[in-house]
Structures are given as structure tokens and as C-alpha cells.
Amino acid sequence: MDDRTVLRFERVEKSYGAVRALEGVSFAVERNEIVALLGPNGAGKTTGLEIACGLRRCDAGSVRLFGEPPTSVAARQRLGVTPQESGFPDMLRVDEILTFVAQHYPAASPVSVALARFGLEALRKRRAGTLSGGESRRLALALAFVGNPDLVVLDEPSAGLDVQSRRRLWDVVRESARDRSILLTTHYLEEAQALASRILVIDRGRLLFDGDASTLRDRVGDRRVSYVGNDGPVLVTPSDADAYVRALVQSGAAFTDLEISKPSLEEAFLSLTGGSV
Amino acid sequence: MRALSLLRAHAQVAFLELLRYPGYVVPTVVFPAMFYVLFDLPYARTHADVADGTALAFIVFAIAGVTFYQFGVGIAAERGRPWERYLRTLPVPPLARFGARIVTAVLFGLMTAAAVALTARALTPIDLSASQWLLVAFYGIAGGVPFVLAGISIGYWSSPRAAVPLATALNLLLAYAGGLWMPPEYLPGIVQRISPYLPTRQFADLLWSVPGGAHAGPALAGLAIFTLVFGIIATIGYRRDERKRYA
């Protein structure tokens, strides 16, 4: 394995009883990449993350985290994970929890830096049990990054946040992503598009797409041409949009509001997953 | 070295967290001392010949109870929590986490034992020298270990709901049959015959050897065997739980 590869899944299979959660999933996360695992609920995203973090074992195939099994201590020294924000030890203070987690990592950032980056300075002496939902979310994120790991895994980082908080979160993630890789799950297309350099689309345990956002759009189809002609609005999806427009202009027919558009990521996604988001 | 510093970090956090629950700490620390005051003090304060032995028996009751019941069995409730799941993703060897649990439990056990010891010192003619108390503390640490492991074993092998009543019953039965509440020679015949093989009795024999001058070897050997046995059962329980929970 070359050392640019941070995480590698090869033909990974996982079933829960009769339910097949992952079927032959293969992908790799390289250094300094932000990869979004995108799919509807129950697609297998969380199972994939759990296997990557060593919280579950796969039934078949192989998973390598920094070239080692994900349960190895050496691999985990380079991995940062967010805890569920409801689950902190109530009585410990924010700075105590950060210090405790940082102690596990050989190259941890100073706790003061993590406090500042995630907007926790004013909360440092607060007990975890008294934090609001948004504050807990920031602490959870800070814990994933405080060890200065080479790969950070985020499960639905913006679920339940309002639009403003979500944008702030994106800024923080982008900024914290320098010199490390991030693997995140989301079912917000917008989030995948805003953050990720690569998108993996997963549905019913199968990996349907692996590439960047514009390739994902291209894959589902041709550009659409719309205009308002003499007989009203027209919307067509020609196999060659450029040729179509050229012919339209040359025909001399009257038209207004000419528009040529690529399908949105949402439409691309819907066509890939057969309509389920 | 790294494993040791992580052990200390985990023990520190666990201890800190506990100390912030006075509603938990105070009753837990006071309970064995209260038991001692209610059931033993009336007799011990006027009988110098039994003051040492009975106080030491209640010290065993204090340490064994806290380590077995509170810390060992507590694992049954904790292992399903989200924080526990998060800790599993951190780079820490399981042995360091086990070790931290044992250290925390034994330290807390010593605190409850200190409450009994201070009560005895204040109110009875107990007569132990400073070096004897030191030896009691040292034996108290050694004796606490198999009880944490026994508690962890129960915590892993039973459901969280079943663990508590089971441990309560065992805790009280073992205290009684181990001769912690009354001298072993007053126990019913059949119990008297089983008693020497029980971990509570061996723990008591160990502490009684301090003022009594008996050889501590047999009691230490017995406790070492229990440590080994419960260590193995706890480890198998841990692995089994891992397989189930993280399959």
C-alpha cells in the first residue's frame, strides 16, 4: 500500500442477520482529501464508518487504516472520531475532557488551540452536563481534532443544525482539514458539494459512485436547454446541447430566455439511487 | 510507559468524576463505617481483646463491598454508554483501561476503609501501631484487587439489571460467611467449614495476621488464586462482550 493512502476498503461485506448493510464496497481515502459518504438513511454509511473506526468488524473483504487493522493502537493514534454529543461524562469540565483525550495522542495540539478553534474558550470551565446541543456539538468536533490526527471521521456532522450553524461548521471543518484527511457522512447533498473533494454515493449497501461533484452531475446526463418560443416554454434534453442551440439559432425561429443547464446534484443523486433520498 | 501514563489519565478522570458526585461519595464512604458503629461498636468499645479484630473485619467489609459492588459491577451499566463506545476509538490498550478501573476502585475502597479505621481509633481501644496500619493499608490494596475482578466478571456475564441484585446478594452472603460480622467460630457448622475457602475470609485472615502475628502466606496465596481466576473470567467476559457488541 502506498503511503498516500489513509484508509482502504476492499470488497467489504457486512450483514446484520438477513440485512446486507454493505455489499462489496471498495474505496480509498488519500492524504489531504475530504471525502463525503453520501446516501439516504439506512444506506450503510454509518456501518461503513464504524468499520473504518474499528467499532465493527466486516464479514469479508479487508479494511486498512494507515496500513493496519483499524483496531490497532498505532492506527488509532492517527485517527480522530467524534463522540455522540449526548454522551459526555456530565461532571467533567470541557477543558478536562479535552485534556484527557489529548493525552492519548503523541502529537496532540495544545488544548488552548482546540478551545479557540471551536469557540469553546468561554465554556472551558463549564461541566459537560450543562452544555447546550450546539455547544456539545462543538466539543465533540474539538475532540475529533485535538489529537492532531491524520484522518478525522465525522458522522453526520451537521445533522440538526440550523443553516447558520451549518455554514460556520463548514468553515471550521475546511480550516481544520489542512494537512489531514476527512471522511464524513451526510445526507445533505449541499454539504457534500460544499465540503468534499470527492463524493462516494452509497445506497442499499452498494457503492454507486466515486468521484467529484461535477463528474457526478455529468454522469447522469446531458445538459438541458430551455427557452420560451412562439408556442410557449420548451424544455429539451438533447444528446448534443451545443448542436441543438446552433440549429435553433440558424432556424431563425423567435425565442427568449434561452438557458442551458447541467442537472443539479440532487437530480443526479435521485437518478443514481432510483429516487430515494 | 505510555500504557502506564494512560492508566493514570483514565484513573484520574474516573476519580475526579466520582468526587463531583457527593451524593454518591458520602453515602458510599460512610455506609460501612455506619454499619460498624451500629453493630460492632457497642461491644468493641468495652472489649479491648476484640477491638482490633472486629474493626479489621469491617475494613474488609468496606473494601470488598466497594470494589466488588460499586466498581466491578458498575461495568455492567457502563459498557452500553455512548462515551464508552467513543473511548474504544481512542488509542489506548484495553489493559490500561482495566488497570485504571482497578486502581480507582481500590483507592475508593481505601477511603471507605479509612472511615472505619478513624471511627475505631476514635471510639474503641483499638491498638495498632503506625507501621501496622501501613501494613493494613498495603494488604487492603492487595485484597481489593480480586474483588474488583470478581465484580467485573459479574458485570460482563450478566445483564445490567441482573448484575445489581446478584451482586448485592453475593456481597452480603460473602460478608456473613467470611466471618466479617461475627467471629468465624460463631458461624453455623456448615458455614464454618466453607468459610476458610471464601475470598472474604481470606482477606480477613490477611488483615488479622497484622496484630495476631499469624503467617500471612496462606491468605495471600488464596487471594492470589482468586485474583488469577477472576482475572481470567473477567478477561473472557470482556472478549465475549467485545465480540457481541462490536461484531
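In this predicted model, helix α4 of chain B runs over residues 48-78 and has 31 residues. From its first C-alpha to its last it reaches 44 Å, close to the 45 Å expected at 1.5 Å a residue. Of the 31 residues of α4(B), 24 are buried, so the helix is largely enclosed by the rest of the structure.

One neighbour of this helix is α8 of chain B, residues 160-177. Two packed helices are described by the angle between their axes and the distance between the axes. For α4(B) and α8(B) the angle is about 165° and the axes are 9 Å apart. Angles over 145 degrees count as roughly antiparallel, and α4(B) and α8(B) are therefore roughly antiparallel to each other. The crossing of α4(B) past α8(B) is right-handed.

The residues that make this contact can be listed for each helix. From α4(B) come F61(B), G65(B), F68(B), Y69(B), V73(B), A76(B) and A77(B). An α-helix has 3.6 residues a turn, so residues three or four places apart point the same way. From α8(B) come P160(B), A163(B), V164(B), A167(B), N171(B) and A175(B). By class, the contact of α4(B) with α8(B) has 11 nonpolar and 2 polar residues, and no charged ones.

The remaining topic is the contact between the chains. Chain A gives 23 residues to it and chain B gives 20 residues. On the side of chain A that touches chain B, α2 (73-76), β5 (79-81) and α3 (94-102) each supply at least two residues. The largest share, 3 residues, comes from α3(A). This side of chain A has 12 nonpolar, 7 polar and 4 charged residues.

Notes
Residues are numbered from 1 along each chain as its sequence is written. Chains are lettered from A and ligands numbered from 1 in the order in which they are written. This is a predicted model: local features need pLDDT of at least 70, side-chain atom pairs count only at pLDDT 80 or more; totals for chains, interfaces and linings use all residues. Two residues are in contact if their C-beta atoms, placed from the backbone, lie within 7 Å. Helices (H or I, at least four residues) and strands (E, at least two) are DSSP runs, numbered from the N terminus. Ala, Val, Leu, Ile, Met, Phe, Trp, Tyr, Cys and Pro count as nonpolar, Asp, Glu, Lys and Arg as charged, and the others, Gly among them, as polar. The expected span of a helix is 1.5 Å times one less than its number of residues. A residue is buried if 20 or more other C-beta atoms lie within 10 Å of its own, exposed if 12 or fewer, and partly exposed in between; C-beta atoms are placed from the backbone. Axes are lines fitted to C-alpha atoms, for helices over the stretch in contact, and angles run from 0 to 180 degrees between N-to-C directions. Angles under 35 degrees count as roughly parallel, over 145 as roughly antiparallel, 65 to 115 as roughly perpendicular and the rest as oblique. A crossing is left-handed if the near helix is turned anticlockwise from the far one by less than a right angle, and right-handed if clockwise.
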